[in-house]
Amino acid sequence: MPDARCLIDRYASYLPVTDRTPRLTLGEGGTPLVRARSLERETGVPEIWLKVEGQNPTGSFKDRGMVVAVAKALEQGARMVLCASTGNTAASAAAYAARAGMSCTVILPAGQVAAGKLAQAIAHGARVVAVRGPFDAALAVVRTLAEQGEATLVNSVNPDRLEGQKTAAFELCETFGDAPDALFIPVGNAGNITAYWKGFVEAARTGLAHRRPRMYGYQAEGAAPLVRGAPVAEPETIATAIRVGNPASWRGAVAARDESGGAIDAVTDAEILDAYSFLARCEGVFAEPASAAAIAGLRKRARANGLRGASRVVCVLTGNGMKDPERARSLAGGDIATVEATPDAVRAALRS
Ligand SMILES: *Cc1c(COP(=O)(O)O)cnc(C)c1O
């Protein structure tokens with residue numbers, strides 16, 4: 001029997017909420033864990049599980065943090081939320097703000113947001129402005145607007161976001177009765193890896209788990225400031241959700257890596273696209289390109305014999321593949337055949 005309580009209620013004792021915090025919900029959390037047998041065969045890892053965060057209400061893990069951030073903003077009497085976004089934060093903020101009866105403004109890096117995410121922000125009634133430059137430039141703008149009191153900032157620099165996002169670590173510990181040996185996760189602004197690590201540390205401290213996993217974060221090679229050890233002025237990758245040059249949670253990501261004995265590494269766009277298509281075609285799970293960076297990272301580490309005996313591994317699939325329809329279309333390698341509605345014509349088209 002699934003737990004019917006909303007995320008805020010289910011984890012109230014771990015979250016910065018009180019009886020007065022509105023129980024805002026769109027049904028976030030409680031996402032599926034799917035066994036990845038094809039990936040197990042390929043890598044030789046005994047157990048690989050996919051945490052399918054794209055099944056959250058707006059199609060990404062951002063909902064776990066956003067529900068807490070917007071509920072707290074509402075509790076504090078705010079009327080407006082504001083964020084910079086590579087797309088999924090915007091979709092999530094717009095949906096939860098609509099639910100809460102608040103207005104929402106989103107600032108996007110021009111030309112770099114997947115179509116599905118933009119559609120969501122518009123549909124939920126957000127005010128949308130695109131700025132020239134990468135995500136980092138948009139984040140700098142909203143930080144200033146928020147400091148000047150124009151709205152509540154709901155990027156992951158808002159600590160309530162990370163508090164909500166850590167609940168995914170609790171779910172893993174509850175399902176397995178302990179933490180996994182290793183967690184693979186894509187890294188953009190680095191809030192999520194920071195939040196998972198916080199969750200695993202709290203789980204171990206409160207008896208939800210006995211141990212803590214090694215944390216393996218993956219950036220795209222053209223947007224890998226944490227791997228290089230310096231900000232990247234012009235980040236580039238097809239995985240737009242992790243196209244970030246100067247992660248806000250830099251220190252949190254480094255702490256997660258070092259305290260867990262894990263690593264943060266980079267994968268190429270070609271490796272990301274290969275993992276993206278492998279997941280969809282061999283596991284039946286359609287995640288967005290940024291999510292596939294975690295899978296590409298696992299494959300790379302397995303090839304290099306870098307898993308150090310990990311027998312139960314979880315990969316976080318951060319967002320839904322339907323967010324980025326253009327990317328999926330590009331896998332078709334051309335136009336879809338359109339023919340007369342006769343069996344012969346269809347057979348001929350299938351043969352060619
Ligand atoms: C936001 C996002 C990420 C990156 O998460 P950070 O917390 O910024 O590191 C990865 N994948 C998807 C699909 C996202 O929306």
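1. In this note, a residue is called buried under 20% relative accessible area, exposed over 50%, and partly exposed in between, with a 1.4 Å probe and protein chains only. By that rule Arg 308 counts as exposed, at 56% relative accessibility.

2. On the basis of the values: the model is predicted, so local features need pLDDT of at least 70 and side-chain atom pairs count only at pLDDT 80 or more, while totals for chains, interfaces and linings use all residues. Residues are numbered from 1 along each chain as its sequence is written, and side-chain values use heavy atoms, with hydrogens and water left out.

3. Domains. The chain is divided into domain 1 (7-60 + 161-330) and domain 2 (62-158); the bounds come from an automatic or database domain assignment. The centres of the two domains, taken over C-alpha atoms, are separated by 21 Å.

4. Interface area. The size of an interface is often given as the accessible area lost when the parts come together. Buried area here is the accessible area (1.4 Å probe) that two parts lose on being put together, summed over both. For domain 1 and domain 2 this comes to about 3300 Å², with 55% of it on carbon and sulfur atoms. Leu 24, Arg 161 and Lys 323 supply 26% of the area that domain 1 buries against domain 2, more than any other three residues.

5. Interface contacts. With contact taken as heavy atoms within 4.5 Å, 45 residues of domain 1 are in contact with 38 residues of domain 2. A polar contact is a pair of N or O atoms within 3.5 Å; within protein, one must be able to donate a hydrogen and the other to accept it, and residues adjacent in sequence count only if both atoms are side-chain atoms. Between domain 1 and domain 2 there are 23 residue pairs in polar contact, both residues at pLDDT 80 or more.

6. The domain 1 side. Helices (H or I, at least four residues) and strands (E, at least two) are DSSP runs, numbered from the N terminus. Helix H1 (7-10), helix H7 (159-165) and helix H8 (167-176) each supply at least two residues of the side of domain 1 that touches domain 2. H7 gives the most, with four residues. The residues of this side divide into 17 nonpolar, 18 polar and 10 charged, where Ala, Val, Leu, Ile, Met, Phe, Trp, Tyr, Cys and Pro count as nonpolar, Asp, Glu, Lys and Arg as charged, and the others, Gly among them, as polar.

7. Salt bridges in outline. Side chains of opposite charge can pair when their charged atoms come close. The rule used asks for a side-chain nitrogen of Lys or Arg within 4 Å of a carboxyl oxygen of Asp or Glu. The whole structure has 22 salt bridges, and three are found across the interface of domain 1 and domain 2. Lys 117 and Glu 288 also meet in a salt bridge through their side chains (2.7 Å, N to O).

8. Arg 23 and Asp 9. Their side chains form a salt bridge at 2.9 Å, N to O. Arg 23 lies in the loop between H1 and strand E1 (33-35) and Asp 9 in helix H1, so the pair ties together parts that are 14 residues apart in sequence. Arg 23 is partly exposed at 32% relative accessibility, and Asp 9 is partly exposed at 31%.

9. Glu 171 and Lys 51. This salt bridge has a distance of 2.7 Å, N to O. It links distant parts of the chain, with Glu 171 in helix H8 and Lys 51 in strand E2 (residues 47-52), 120 residues apart. Glu 171 is buried, with a relative accessible area of 6%, and Lys 51 is buried, with 3%. Both belong to a network of salt bridges that links Arg 10, Lys 51, Glu 53, Arg 64 and Glu 171.

10. Arg 299 and Asp 274. The closest N and O atoms of this salt bridge are 3.1 Å apart. Arg 299 lies in helix H13 (residues 289-303) and Asp 274 in helix H12 (residues 269-283), so the pair ties together parts that are 25 residues apart in sequence. Arg 299 is buried at 10% relative accessible area, whereas Asp 274 is partly exposed at 44%.

11. Positive phi. Most residues other than glycine have a negative phi. Asn 305 has a positive phi, near 55°, and Arg 308 has a positive phi, near 45°. Asn 305 is in the loop between H13 and strand E10 (312-317), and Arg 308 is found in the loop between H13 and E10. Asn 305 counts as exposed, at 71% relative accessibility.
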